[in-house]
Amino acid sequence: MPNHGQLRVGDTLTEGENIHVTGLPAFAPEILRRVRLSDTMRVKQMRQGLQDLAEEGLVQIFKPDLGSNWIVGVVGALQLDVVVDRLRAEYGTEIGFEAVPYTTARWIETDSQTLQKMIEGHRMSIANDRDDKPVFLFKNAWEVGHITEKFSDVTFRETREIVYEG
């Protein structure tokens, strides 16, 4: 089926039936790495490639609140090799990865005022996923507990249901 950006993984097509479909889950990645682009003139191709791979479910992308280097999240190290190979073959761009000080990501659910307060106090740890949903990047298990306790009115989710409107 030809697709020019209108359809995404998880979309449901019908011929007018009234149905309810739950969204696909996005899981917190086990490995987080900062993307290092070899040729800065290829940033457009890199970003498009990463967005496409995220739509396929191969990786998750996180755009930090501070800084321009995207962070990818994967479940296994082999996925990082696949990302490098696919970006080279399909998008003509060379990337590498750098370690980040984060070990886990959690989606943030709270009201906008609390979210703004959290962002102001922890800007280095805040990112947005590919759907611009806020994510807190934690350095270790202790920080997860500490921040969760500090912001008791915030829910930190290990999964996020991806619901496509359209």
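The model is predicted, so to speak for local features a pLDDT of at least 70 is needed, side-chain atom pairs count only at pLDDT 80 or more, and totals for chains, interfaces and linings use all residues. Residues are numbered from 1 along each chain as its sequence is written, and side-chain values use heavy atoms, leaving out hydrogens and water.

Helix H1 (residues 43-56) packs against helix H2 (residues 77-91) at an angle of about 120°, with the axes 10 Å apart.

As for salt bridges (a side-chain nitrogen of Lys or Arg within 4 Å of a carboxyl oxygen of Asp or Glu), the count comes to 10. Glu56, Arg86 and Glu90 are linked in a network of them. Asp85 and Arg88 also pair up, at 3.1 Å from N to O; being 3 residues apart in helix H2, they are separated by about one helical turn.

Another salt bridge joins Arg160 and Asp131, at 2.8 Å from N to O. Arg160 sits in strand S10 and Asp131 in the loop between strands S7 and S8, so the pair ties together parts 29 residues apart in sequence. Arg160 is buried, at 12% relative accessible area, while Asp131 is partly exposed at 22% (buried is under 20%, exposed over 50%, partly exposed in between, with a 1.4 Å probe and protein chains only).

Notes: Axes fitted to C-alpha atoms, helices over the stretch in contact; angles between N-to-C directions. Helix = DSSP H or I, 4+ residues; strand = E, 2+ residues; numbered from the N terminus.
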